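We will go from stop to stop, selecting one thing at a time.

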Amino acid sequence: MVDLAPHVRAVLAGKEPARDLSGELTDLTTAYDLADKTFEAVSPTCGWKIAANAPDQRANPDLGAPIFARIAGGAPVPTGSVLKLSDFTDFALEPEFAAVLGAPVSQPLDAPGAREKIAAIHVAFELLDRRGLGPVFHLPTFVALNVFNAGVVMGQEVPKAALADYSARFSMAAETQLSGRNTAPQDPFEAVADTLNHATSRGFSVPAGAVILCGTHHPPVSISAPTAVEFEVSGRVVSLSISD
């Protein structure tokens, strides 16, 4: 079998474009082994993410289960920041909830246990970069490439109690992309539990202060020109400007 680690490391380091690995990487178990072997290419990291966790995705036999990856960057990007398109190959973003752990986790837990471990939940943007992959849909390739994560932008805190029933609005260039109620793909406490259980099942202890991205409220939005984006949940906001 071809050693794919050098290619994955080079892609994550921005040294070569990604390629479709479907002919070389056939299952998620091997893909996660490869991701664990190469995650230093996106180090430092500040947490973990879940993806493909909406009910219709879980019910899709071509998906079957959520997928997981690490969050690039030693710390979240503050809300209100300006990012440059030139720092990315294929820039996109997603509006999400981001949980911050108040205590380390090294053992399996359920949603109530995850809730107890969470110090705060914030509105956030996940930053994404497909790194030249193109219109490929192959989950093991996605996992090997860290599910395209390129960081997280952290906004204001949302009280845990407010998550039971909330309004949400996502806009780009002042035009609404999403407006509705309770728009998360999954209960955020369940999403955190699923993500932490994935990490600990693979032998990782997740430290206090780690960020857990809980899944997108809206399909990824590709951005190729300067703009401004905002995600607001019951009055709590995260914003970002994108320049050339």
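**Stop one: the second pocket**

The second largest pocket has a volume of about 390 Å³. This is a predicted model, in which local features need pLDDT of at least 70, side-chain atom pairs count only at pLDDT 80 or more, and totals for chains, interfaces and linings use all residues. Residues are numbered from 1 along each chain as its sequence is written, and side-chain values use heavy atoms, with hydrogens and water left out.

A word on terms: on a 1 Å grid over the protein atoms alone, a pocket is an open set of points where a 1.4 Å probe fits, with protein on both sides within 12 Å along at least five of seven lines, and lining residues have an atom within 4 Å of a point. Grid points are joined across faces, edges and corners, and the volume is the space filled by probe spheres set on them.

Select D87, F88, D129, R131 and A150: of the 21 lining residues, these lie nearest the centre of the second largest pocket. Next, colour α1 (5-12), β4 (81-84), β6 and β7 (149-158), the elements that give two or more residues to this lining. β7 gives the most, with 4 residues. Helices (H or I, at least four residues) and strands (E, at least two) are DSSP runs, numbered from the N terminus. By class, the lining of the second largest pocket has 12 nonpolar, 4 polar and 5 charged residues. Here Ala, Val, Leu, Ile, Met, Phe, Trp, Tyr, Cys and Pro count as nonpolar, Asp, Glu, Lys and Arg as charged, and the others, Gly among them, as polar.

**Stop two: the largest pocket**

About 640 Å³ of space lies in the largest pocket. Select A51, Q57, E94, L128 and P220, which are the closest to its centre of the 32 residues that line it. Its lining has 18 nonpolar, 9 polar and 5 charged residues.

**Stop three: L93**

Now pick L93, in strand β5. L93 is buried, with a relative accessible area of 0%; buried means under 20%, using a 1.4 Å probe and protein chains only.

**Stop four: an open sheet**

Show the strands in the order β4-β13-β12-β8-β9, which form an open sheet of 5 strands with mixed pairing. β4 and β9 (175-181) stand at the edges with a single partner strand each, so one side of each has no neighbour in the sheet. Two strands pair if DSSP finds at least two bridges between them.

Zoom in on β4, which pairs with β13 in the parallel sense over 4 bridges; S81 stands opposite L240 in β13.

β1 and β2 run antiparallel, joined by 6 bridges, and W48 stands opposite R70 in β2.

Finish at helix α6 (residues 188-201), where 10 of the 14 residues are buried, so it too is largely enclosed by the rest of the structure. Among the buried ones are F189, V192, L196 and H198.

How values were computed. Buried means under 20% relative accessible area, exposed over 50%, partly exposed in between (1.4 Å probe, protein chains only).
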